[in-house]
Amino acid sequence: MLNKKVFFIMVALLLYGCATGETATPKLQHALLTKPQSDLIAQGIARLMRSDNIAVAEDVFMQRSLMVVDNVTKTDELGNPIMGKQLNMPDRYELLIKNDLCFVRHLDSKATEPLPNVQCKVNDI
């Protein structure tokens with residue numbers, strides 16, 4: 001059987017370790033760009049979705065943390081929209097930050113891509 005002194009030392013060390021080891025893991029937070037960086041955002045989304053680059057507005061993620069990309073409507077050989085051929089819902093992306101690193105996330109799949117060269121800040125709104 002452990003003597004009382006050893007028992008109290010073990011309990012004290014355990015409590016001290018728990019108290020000092022509790023640093024909260026930062027969460028991903030909604031973010032805004034600090035300056036326009038549409039090329040880097042388009043490249044990040046292309047990596048995320050394993051696709052060709054898409055065109056994004058120059059001011060994307062400057063005022064809102066959310067971006068919606070409408071899927072192109074199917075057209076016939078004359079370029080006219082074909083009724084009932086819009087099969088997919090628009091894709092939605094959000095800009096996030098964690099520990100000064102920016103991320104872009106596809107909302108439906110939750111797939112997330114780091115954006116190491118992008119400068120963003122927490123969206124306080």
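In this predicted model, strand 3 and strand 4 form a hairpin with two residues between them, and Asn-99, which lies in the turn, has a positive phi of about 55°.

With strand 2, which covers residues 66–69, strand 3 runs antiparallel over four bridges, and here Met-67 has Tyr-93 of strand 3 as its bridge partner. Strand 1 is joined to strand 3 by two bridges, again in the antiparallel sense, with Gln-29 having Ile-97 as its bridge partner in strand 3. Of the eight residues of strand 3, six are buried, that is, under 20% relative accessible area, and this strand is therefore largely enclosed by the rest of the structure.

The largest nonpolar core has 18 residues, and those with the most contacts inside it are Ile-41, Phe-61 and Leu-95. Two or more residues of this core come from each of strand 1 (29–33), helix 2 (38–49), strand 3 (91–98) and strand 4 (101–106), with helix 2 giving the most, namely four residues. In soluble globular proteins, nonpolar side chains tend to be buried together.

Leu-95 shows how these parts meet: leaving aside residues up to four places away in sequence, the residues that Leu-95 touches include Gln-29, His-30, Ala-31, Leu-32 and Leu-33, together with Ile-41 and Phe-61. Cys-102 and Phe-103 are also among the contacts of Leu-95, as are Ser-65, Leu-115 and Cys-120.

Technical notes
Residues are numbered from 1 along each chain as its sequence is written. This is a predicted model: local features need pLDDT of at least 70, side-chain atom pairs count only at pLDDT 80 or more; totals for chains, interfaces and linings use all residues. Side-chain values use heavy atoms; hydrogens and water are left out. A nonpolar core is a set of buried Ala, Val, Leu, Ile, Met, Phe, Trp, Tyr and Cys residues joined through side-chain atoms within 4.5 Å. Buried means under 20% relative accessible area, exposed over 50%, partly exposed in between (1.4 Å probe, protein chains only). Contact means heavy atoms within 4.5 Å. Two strands pair if DSSP finds at least two bridges between them.
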